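The following note collects points for a colleague's reading of the model. Please consult the display below alongside the numbered paragraphs.

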Amino acid sequence: MNWLNSFFKRITGQDEPEKPSIKEEENKLIDEEYLFELEEKLLRADCGLEFSEYIVNNLRSKADLNLKQAQEEVINLCSQTLKQAQNNKPELENHKLNIILIVGVNGAGKTTSIGKLAHKFKKQNKKVLIAPCDTFRAAACEQLEKWAKRADVDILQANIQNKKADSVLYEALAKAKENKVDVLIVDTAGRLQNKKGLMDELGKLSNVIDKHTQENTCVQRLLVIDATTGQNGYSQAVLFNSATELTGIILSKFDGSAKGGILFAISHNLKIPIKYLGLGEQIEQLQEFKPEDFIKNLGINAI
Ligand SMILES: Nc1nc2c(ncn2[C@@H]2O[C@H](COP(=O)(O)OP(=O)(O)OP(=O)(O)O)[C@@H](O)[C@H]2O)c(=O)[nH]1
Ligand SMILES: [Mg+2]
């Protein structure tokens with residue numbers, strides 16, 4: 001049960017209660033002061049108001065909990081919250097064209113995550129094509145080409161200058177079908193979640209995919225959130241989700257000192273599954289998200 005304690009310590013900043021000297025503390029019943037402090041700590045860990053209140057109200061509703069029981073309850077609730085938002089969908093569906101639209105704010109880690117995903121799928125012997133639909137910057141295409149080369153996968157050769165993202169997407173969809181590609185990964189330009197025009201463009205891209213795909217396709221819309229952006233990441237999830245119904249989250253830059261609390265807020269309020277964690281700038285540094293592993297590793301990683 002050691003990891004439970006280190007997890008709790010991460011959240012609350014309290015010492016592990018296993019030492020005999022504080023054994024008595026463990027049996028002390030929790031009170032309003034304790035709940036107030038717990039809520040503050042959850043908020044500071046980016047868990048958001050709704051989720052923090054959910055935890056605190058839950059503890060309050062249970063009479064006579066001692067400190068140890070309260071800690072275990074917090075961990076159970078956190079764990080349940082993550083699990084309930086996950087679904088059992090496979091990473092890719094076999095014998096189908098898997099289209100993965102990658103969206104997010106500027107610099108979130110979209111292009112890097114695409115390189116990592118391409119590498120991962122290539123290793124599974126999948127035929128991968130990348131679509132350079134970030135047509136705002138010429139350099140974006142060059143950066144994506146480098147990643148395609150590193151992952152040893154195809155990238156659509158489109159002269160993106162003066163083209164709109166949706167026309168590049170048309171071309172990519174046609175090529176993917178013609179070449180019987182397993183996975184088409186679509187890069188998009190970074191955009192702020194509160195810029196309406198740019199968010200509408202995202203809706204258009206999503207419509208192009210929906211219109212031009214047939215039964216044997218599987219579409220994912222993944223939002224890349226930079227773990228170091230804290231609570232703003234939650235607002236990104238809300239607004240990107242209304243522009244293009246998200247099917248999952250990639251939390252990038254989780255190798256730093258970032259708090260992971262935002263994942264609880266997203267899972268609790270939006271029920272969007274967390275798909276991957278980005279753990280560095282290298283091509284292999286992408287991890288499939290598994291709630292249990294995440295909770296176990298919290299001692300090292302976050303919150
Ligand atoms: N430490 C760390 N750095 C990362 C990770 N993912 C991306 N980065 C870095 O974050 C910066 C931005 O990454 P990009 O992949 O270019 O982000 P983007 O979202 O495509 O950016 P725009 O296209 O400009 O909107 C780069 O310096 C990456 O090396 C990660 O998981 N960990
Ligand atoms: Mg990019």
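1. Which backbone lies 3.0 Å from an oxygen atom of ligand 1? The residue is K253, through a backbone N or O atom. The criterion for a polar contact is a pair of N or O atoms within 3.5 Å; within protein, one atom must be able to donate a hydrogen and the other to accept it, and residues adjacent in sequence count only if both atoms are side-chain atoms. The protein covers 79% of the 650 Å² of accessible area that ligand 1 has on its own, with areas taken from the Shrake-Rupley method and a 1.4 Å probe, and, for residues, only the protein chains shown counting as cover.

2. On provenance, this is a predicted model, in which local features need pLDDT of at least 70 and side-chain atom pairs count only at pLDDT 80 or more, whereas totals for chains, interfaces and linings use all residues. Residues are numbered from 1 along each chain as its sequence is written, chains are lettered from A and ligands numbered from 1 in the order in which they are written, and side-chain values use heavy atoms, with hydrogens and water left out.

3. An N or O atom in the side chain of T111 is 2.8 Å from an oxygen atom of the ligand, and for the side chain of Q143 the corresponding distance is 2.9 Å.

4. The shell around ligand 1 numbers 19 residues, the closest being K110, T111, T112, D255 and E281; a residue is near if one of its heavy atoms lies within 4 Å. Helix α6 (residues 110-123) supplies the largest share, four residues. Helices (H or I, at least four residues) and strands (E, at least two) are DSSP runs, numbered from the N terminus. By class, the shell holds three nonpolar, nine polar and seven charged residues. Ala, Val, Leu, Ile, Met, Phe, Trp, Tyr, Cys and Pro count as nonpolar, Asp, Glu, Lys and Arg as charged, and the others, Gly among them, as polar.

5. The model has five aromatic pairs, where rings of Phe, Tyr and Trp (its six-membered ring) pair if their centres lie within 6.5 Å, and planes under 30 degrees apart count as stacked, over 60 as edge-to-face and the rest as tilted. F51 and F264 are stacked, at 5.4 Å centre to centre and 5 degrees between the planes. This pair links distant parts of the chain, 213 residues apart: F51 is in helix α4 (residues 49-61) and F264 in helix α11 (residues 261-270). F51 is buried because its relative accessibility is 0%; buried means under 20% relative accessible area, exposed over 50% and partly exposed in between (1.4 Å probe, protein chains only). F264, likewise at 0%, is buried. One aromatic cluster comprises F51, Y54, F254, F264, F289 and F294.

6. S252 belongs to strand β6 (residues 248-252) and is buried, with a relative accessible area of 5%. A polar atom of its side chain lies 2.6 Å from the backbone oxygen of A108.

7. Most residues other than glycine have a negative phi. N125, although not a glycine, has a positive phi of about 65 degrees; N125 sits in the loop between α6 and β2 (128-133) and is exposed at 70% relative accessibility. K180, also not a glycine, has a positive phi of about 50 degrees. K180 is in the loop between α8 (165-178) and β4 (183-188) and is exposed, with a relative accessible area of 67%.
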